[in-house]
Amino acid sequence: MTKTTSRYRFISNAEIRIFDSPSTIDVDHRTYFFENSKKQFKSELNKLGYVLQRGYFLSQNKFFNPKKFIKSDVKYCCDLLKIDITKINKHINWYTESVSRLHKKEILEEFGYHSFEIFYAVVYDQSSQLVKKAIRPKIIFFTLVDFLIENKIEIPSYSRLSTLVMSSFNEYEKSIINQVNILLTQDQKLLLDEFLQMAAGEGELSPQNPYLITTLKAPNQNTSASKNKESVYQFKIISSLFHEFESVLQDLTISEALVNYYAGWVIIAEQPQFNAIKNPEKRYLYVLAFLTYQYRIRQDLFIDTFLKSVQTFLNQTENKVKDDFINKRGTPAKHVNEAKGRIINNLDKHESKLDKVRKILNSDKFSSEEKIRASLEIINSNASLRDQIIKEFDSLEESISDKLKDEMYFEKLGSGSLKLSRKLKDILLSVNFNEKASEPIIYNPIFDYQRTNGNIISDPKTDFISSNQLKFIKRVGQFDKKLYKVLLYIECANNIKSGALNLKHSNNYRSINDYMIDENEWQLN
């Protein structure tokens, strides 16, 4: 078995034993799977072998070595066929390979199935398609088993099927390696060789100063500012190498899933294992996959950190505004309440005057009907006036409170700009957004931010900012760049979450269209 075979593992040893052994058939179903045959056989033991093999095939669509037959099934069939079970013990090879092969052919014909060996080329072609997509090895294996069942093809042993898959995989891998050899220039090959032997720090390689590639295998997921800088530094190394080989990677006919598989092997392999790969082009292939994978997942981690940091900042800001509004800034609302109380008192005094009017109206100068109508008109008009004034002051109180909250909120956002920028600036400068899959209204100001190294230009784009937010940025005749940065971070996070802003290289934050099956592939398959 080649080194590639040992790396490309399908299922565990325990699963192999299960796959290559008959499943236990419970007592209630034995009569369905094992039945006496009316066919003529040269010996009763041949008949026993046929009945067992036929029952197992009916149950699992595959044949088994007689040594794997379950003892309780053998005993049941012996009783069914009235065969002395001790005869099996006397004949080690009681069911020969030649007889079994003949029976297999008859059983396949009976159930309308095809021989695996006869349809080997068909299965091989399907396996070749699966390894190109390079879903997980275990899924490839069982997807191929499903293909066999759907197309009524005999399921072979694990060894036979896994060998077929490995052959198709090795053939495909060989074609990719040839592509790598053609696409890489001599200088690029030398650069990869140098990278593979480079130490992480100054001086000779040692346990304290390991290979650089070893230190790049596990991204630091600590979100502190200092660890962010370390992660950004490592990402710059990966990004520089990725962009050096990006055109090569674009021309390689290799699936994203297979890139992930190769990268995964590099991550878990020890350096001696990696150095043991004799074919240099194969090593280059694995390193290119590693760089591609790291370039994607590290940007995903950056965005995870970015979104979490923005949300934490917003939560803290809202809590500060709430506390300040309740504890420190209640005076304007109090004044409105006092003013409202004074006016209500004046209205009450005014109503006492109306009482005198009502007394006059109750005099004998008017008819009863005229008195009642006049009194109700005066009372109702004054009541409406009173309620209207109260309503207006309620609205005024709410308006002043909202305005005060807005002022406090944007003040807090601006004051937190420097701290937030320390954490997010390098992240936003590092990630590679996809212009074609993002909304211009948010992509363009971020592009300006990146090309100016995080500095705000004299006339920045503000289309993404609401009119209310813009008032606070441009108040007092000056443009508040600190607040602008914060709002840019916030809107960047909102648009990433909504899918309006997408990464170009990512596992989790690309455009939804990037995850869909290509239309041509859909039509073909």
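## A buried threonine

Thr462 is buried, with a relative accessible area of 18%. Buried means under 20% relative accessible area, exposed means over 50%, and partly exposed is in between (1.4 Å probe, protein chains only). Thr462 sits in the loop between α20 and α21 (467-473). Leaving out residues up to four places away in sequence, Thr462 touches Leu470, Phe479 and Tyr484. Contact here means heavy atoms within 4.5 Å.

This is a predicted model: local features need pLDDT of at least 70, side-chain atom pairs count only at pLDDT 80 or more, and totals for chains, interfaces and linings use all residues. Residues are numbered from 1 along each chain as its sequence is written, and side-chain values use heavy atoms, with hydrogens and water left out.

## The whole chain

The protein chain has 23 helices and zero strands. Helices (H or I, at least four residues) and strands (E, at least two) are DSSP runs, numbered from the N terminus. The chain holds 525 residues, and 43% of them are buried.

Now take contacts between residues at least 6 apart in sequence. Of these, 73% join residues at least 24 apart. The surface comes next. The protein chain exposes about 30000 Å², and carbon and sulfur atoms supply 51% of that area. Accessible areas come from the Shrake-Rupley method with a 1.4 Å probe; for residues, only the protein chains shown count as cover.

## Where α19 crosses α20

Helix α19 covers residues 417-430, and helix α20 covers residues 440-451. Their axes come within 9 Å and cross at roughly 105 degrees. That makes α19 roughly perpendicular to α20. Axes are lines fitted to C-alpha atoms, for helices over the stretch in contact, and angles run from 0 to 180 degrees between N-to-C directions. Angles under 35 degrees count as roughly parallel, over 145 as roughly antiparallel, 65 to 115 as roughly perpendicular and the rest as oblique.

Which residues meet? On the α19 side they are Lys425, Leu428 and Leu429; on the α20 side they are Ile446, Tyr449 and Gln450. The residues of this contact divide into four nonpolar, one polar and one charged. Ala, Val, Leu, Ile, Met, Phe, Trp, Tyr, Cys and Pro count as nonpolar, Asp, Glu, Lys and Arg as charged, and the others, Gly among them, as polar.

## Loops on either side of α20

Asn434 lies in the loop between α19 and α20. Is Asn434 buried or exposed? Asn434 is buried, at a relative accessible area of 15%. Its side chain reaches the backbone nitrogen of Lys436 at 3.1 Å. A polar contact is a pair of N or O atoms within 3.5 Å; within protein, one must be able to donate a hydrogen and the other to accept it, and residues adjacent in sequence count only if both atoms are side-chain atoms. Setting aside neighbours within four places in sequence, Asn434 is in contact with Tyr443, Asn502, Leu503, Lys504 and Asp514.

Thr452 is in the loop between α20 and α21. Thr452 is buried, with a relative accessible area of 18%.

## Leu488 in α22

Leu488 belongs to helix α22 (residues 481-498). Its relative accessibility is 0%, so Leu488 counts as buried. Which residues does Leu488 touch, not counting those up to four places away in sequence? They are Ile442, Pro445, Ile446, Tyr449 and Phe464. Leu488 and Ile446 are 42 residues apart along the chain, and their C-alpha atoms are separated by 7.7 Å.

## Positive phi and one more loop

Most residues other than glycine have a negative phi. Asn61 has a positive phi, near 60 degrees. Asn61 is found in the loop between α4 (44-60) and α5 (71-81). Asn61 is buried, with a relative accessible area of 15%. Lys152 also has a positive phi, near 55 degrees. Lys152 lies in the loop between α9 (137-150) and α10 (158-183). Lys152 is partly exposed, with a relative accessible area of 35%.

His91 sits in the loop between α6 (86-90) and α7 (97-111). His91 is partly exposed, at a relative accessible area of 43%. His91 and Leu45 are 46 residues apart along the chain, and 9.6 Å separates their C-alpha atoms.
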